[in-house]
Amino acid sequence: MSIRLKLYFLIFLFGLALLINLGALGLLARTAMTVLSTTDEVLQQQSAALQMQALLRDAEAALYRHEIEGETGFATHFRNQLALFQTEVTNYDSLTRNPQETVWVRELSEAHQEAVAVGEKLIEQRRIQGEDLKSLEAIQARAIALLTGPLREIRSDNLAYQRVISGMDISLREMLFALISYQATPREIDRVRFMDGISTFRSYHKQFTAQINPGQIDSGQGGLIQEEMWAGELHESINEIEVVGSKLVSRRIQQKADFANFALLLFRTGQGIIVDEIQPQAAANIALAQADLDGAVRNSLLLSLITIALSLLIFASVTFPLLQRMNQSINALLRGADSVTAGDLTQSVTVSGQDEFQRLAAAFNEMMSDLAAREKRLRELVQKLALVQEEERRLVGLDLHDGLAQMLLSANMHLNAFTTKFREGRAEPDEFALERGRIRLQEAIDEVRWVVSELRPTDLEDYGLVDGIRHYVQKVAEVRQWHVEFEADLVQHQLTPAAETAIFRIVQEALSNARKFAETKRIRVSLFTDPDDIHLNIKDWGQGFEVALPTDEAKHLGLVGMQERAKLIGGEFSIESKLREGTNIAVRIPLASNLQMRSQPLYAEMATGI
């Protein structure tokens, strides 16, 4: 049976099982809608309960901060939180489902009213407390102004008098500080400090009154009547401070008790009603709804279990062998695809059976065979074209060398002879023109020889790869006056003629580019091998260029030619260059595919600083 027929059968079986299970799901859905509606109502109740609990905590925190700091913003926040609490109580009332929940709503409303009353009482107490503190600060400010002003100046040379004034000043400040500390945190030690401060002040005041002596008062320092007046003002101030401070202490004690009752009220409401009663009831309702849903799920599962079991058996008997078959076939095709990606077109794909995968594998193998034949023909064609190109260059070089160069050399010899005759006085031609012509002919001869060497790598034929590259690099360096570093290490390896020619041509083109564009004084050429590859690097320290910028290929045929020559022998070509930092050309060529083995080492060279 083909794979498509098996898949059609599985689809039919899947549709049948799906229809049966849809019927079971319809029964489950009707029950679930009822359960979800109940659960939604219970969750809303629970959410309202949680919100009420959070609002009570926020209200308590706001009132506490108002009691500590006295800012009206906290009082407003307290009222807002209790108003929102009443809104949530109303919302919960709309969701009640039994008489017990109605009772809880009534208790929550009563707790809200009581919390509002106690809170407003505490807010009013804090307002009165603030007014008393301001009054107390005003009294203290008058007394301190008197102590630090006239009283301290009137007898500045009387140390005992100044000690009494300082004592009253310090005790007065200590009283206010103790009282303010007690308002922030009602500790018994602060109340005792306040009472001790009053006693201390009275003691110093008594000493001050005793030092008022008319016989010691100078007319320039004030009179007895004025000192007695100041003593009376201080006496009135300490009495007022004692009265107001005692009120503040008693009110703070009452405030602490009222706030404790308020906190207890909120705790009973939040913990006793919301946490201990409302939330457990909501959890019980959710559990009951969950039990109903579980029953519906069990019934639906029982209805569909037989269908599912039978479907699984059939699916397993058909699907597992099919999956195994597909897995093996796909893996075989993937291995074939990986071989093609790696460039290996000789590994055929083997798939057994008489299905679509077997036909796909046959088509794949046929495609690989066709690709291999095409690649072989293409490589042969490229190699032939390269050989033809080299042969043409060799012939052109020979023609130039044996034809034009010989003719120019003969002309040069005749000119030299004619120049000799002229110098002996046998003729009267223009000696300057003849000499200039001779120089030009010599330059033409040199250029022809250079062109010949460029058209055909005679150095490679004459000296071999390493010595030929060294000889060529040395000639270019002498002409251009470069400092050249040359390194070569080819041990026990003889490369194919195509590889040697390509490597030499890449070096030749790289140096030609450096000569034309780099404007450098230093060149380094290195050629070495590792166990797998041949590495060629040509680096200059010239002006460089931006490799990443778009370029006109027609203006960079040298780079394109080097890259194509590397590709022809299976190599990789890369170039790195930066402005004013130079250029580095790197070529990596696989060793195995470009190697001809010999019994003896052909090249073993290491030379630097030619």
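1. Asp540 touches Ala514, Ala518, Thr520, Arg522, Ile523, Glu581, Gly582 and Thr583, leaving out residues up to four places away in sequence; contact here means heavy atoms within 4.5 Å. Asp540 belongs to strand β4, where strands (E, at least two residues) and helices (H or I, at least four) are DSSP runs numbered from the N terminus.

2. The model is predicted: local features need pLDDT of at least 70 and side-chain atom pairs count only at pLDDT 80 or more, whereas totals for chains, interfaces and linings use all residues. Residues are numbered from 1 along each chain as its sequence is written, and side-chain values use heavy atoms, with hydrogens and water left out.

3. A polar atom of the Asp540 side chain does lie 2.9 Å from the backbone nitrogen of Gly542.

4. Strand β4 pairs with β6 in the antiparallel sense over eight bridges; pairing requires that DSSP find at least two bridges between the strands. Within this pairing, Lys539 has Asn584 of β6 as its bridge partner. Strand β6 also pairs with β5, again antiparallel, over seven bridges, and Phe573 is bridged to Val587 of β6. The hairpin of β5 and β6 has three residues between the strands, and Arg580 takes a positive phi near 65° there.

5. The largest nonpolar core has 40 residues, of which Ile469, Ile503, Leu536 and Ile538 touch the most other members. Such a core is a set of buried Ala, Val, Leu, Ile, Met, Phe, Trp, Tyr and Cys residues joined through side-chain atoms within 4.5 Å. Elements that each supply at least two residues include α11 (465-480), β1 (483-489) and α13 (557-568). Helix α12 gives the largest share, ten residues. Apart from this core lies another, of 32 residues, among them Leu133, Ile144, Met175 and Ile212.

6. Leu536 touches Ile503, Ile506, Val507, Val525, Ser526, Leu527, Ile585, Ala586 and Val587, not counting residues up to four places away in sequence.

7. Ser109 lies in helix α3 (residues 99-148). Beyond its neighbours within four places in sequence, Ser109 is in contact with Gln86 and Val89. The C-alpha atoms of Ser109 and Gln86 are 7.0 Å apart, with the two residues 23 apart along the chain.

Notes. Buried means under 20% relative accessible area, exposed over 50%, partly exposed in between (1.4 Å probe, protein chains only). A polar contact is a pair of N or O atoms within 3.5 Å; within protein, one must be able to donate a hydrogen and the other to accept it, and residues adjacent in sequence count only if both atoms are side-chain atoms.
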